[in-house]
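Work through the exercises below with the sequence and the structure at hand. Each task is followed by a solution in steps.

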Amino acid sequence: MKTVIIYGTKSGASYECAKLLETLIENSTILNIADRQPDLTGFDRVIIGAGVRNDKMYKPIRDYLKKNQTDLLTKELACFLCNSKPKTTAEVILTSIPQSIREASIEIVSFGGYKPSWVPVKSDNKLKGIQQEKITEFVKKLNQ
């Protein structure tokens with residue numbers, strides 16, 4: 001199964017998670033939404049990840065989800081957030097991810113995230129605040 005991991009980030013947490021996912025998922029490619037609009041042709045699975053700031057998902061990913069629902073629903077889907085405030089995750093998912101995407105996704109999870117006071121994160125600790133065990137669990141669920 002060929003997988004594309006599309007991410008959007010301001011602080012870098014979603015990029016770090018996407019890189020880690022790429023190492024854990026065979027035949028996967030990461031793509032930054034800021035670089036170009038993804039062409040989903042040739043991919044069986046799409047994983048979409050975004051940072052959360054002020055209880056809102058990163059806007060370019062939010063917009064991409066809304067505009068591309070039809071194409072996305074033809075693929076196996078999963079989503080992740082990088083949100084340093086776990087109490088707001090459920091609300092962010094409801095307000096940022098269209099219902100059709102939520103219903104079709106195998107998994108939607110928050111991996112944690114950077115607290116604003118940590119940014120920029122030092123190069124020797126790029127996964128500070130990221131719950132790596134949640135990434136491992138996410139990959140296991142995808143492979144079931």
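**Aromatic rings in a predicted model**

Tyr-15 has a relative accessible area of 30%, so this residue is partly exposed. The model in which this value was computed is a predicted one.

**Exercise 1.** Classify the ring pair of Tyr-7 and Tyr-15 by the angle between the planes.

*Solution.*
- The ring centres of Tyr-7 and Tyr-15 are 5.6 Å apart, and the limit for a pair is 6.5 Å.
- The planes of Tyr-7 and Tyr-15 make an angle of 45°. Stacked needs under 30 degrees and edge-to-face over 60, so the pair is tilted.
- Tyr-7, with a relative accessible area of 7%, is buried, whereas Tyr-15 is partly exposed.

**Exercise 2.** Classify the pair of Phe-111 and Phe-138, and state which parts of the chain the pair ties together.

*Solution.*
- The centres of the Phe-111 and Phe-138 rings lie 5.4 Å apart, with 85° between the planes.
- An angle over 60 degrees counts as edge-to-face, so that is the class of the Phe-111 and Phe-138 pair.
- Phe-111 is in the loop between strand E6 (105-110) and helix H6 (132-142), while Phe-138 is in helix H6. The pair therefore ties together parts 27 residues apart in sequence.
- Phe-111 is buried at 0% relative accessibility, and Phe-138 is buried at 1%.

**Exercise 3.** Which residues do ring pairs link into a cluster?

*Solution.*
- The cluster consists of Phe-80, Phe-111 and Phe-138.
- The count of aromatic pairs comes to three.

**Exercise 4.** Over the face of which ring does Lys-2 lie?

*Solution.*
- Lys-2 lies over the face of Phe-43, 5.1 Å from the ring centre.

Key: Residues are numbered from 1 along each chain as its sequence is written. This is a predicted model: local features need pLDDT of at least 70, side-chain atom pairs count only at pLDDT 80 or more; totals for chains, interfaces and linings use all residues. Side-chain values use heavy atoms; hydrogens and water are left out. Rings of Phe, Tyr and Trp (its six-membered ring) pair if their centres lie within 6.5 Å; planes under 30 degrees apart count as stacked, over 60 as edge-to-face and the rest as tilted. Buried means under 20% relative accessible area, exposed over 50%, partly exposed in between (1.4 Å probe, protein chains only). Helices (H or I, at least four residues) and strands (E, at least two) are DSSP runs, numbered from the N terminus. A charge sits over a ring if NZ of Lys or CZ of Arg is within 6 Å of the ring centre and within 35 degrees of the ring normal.
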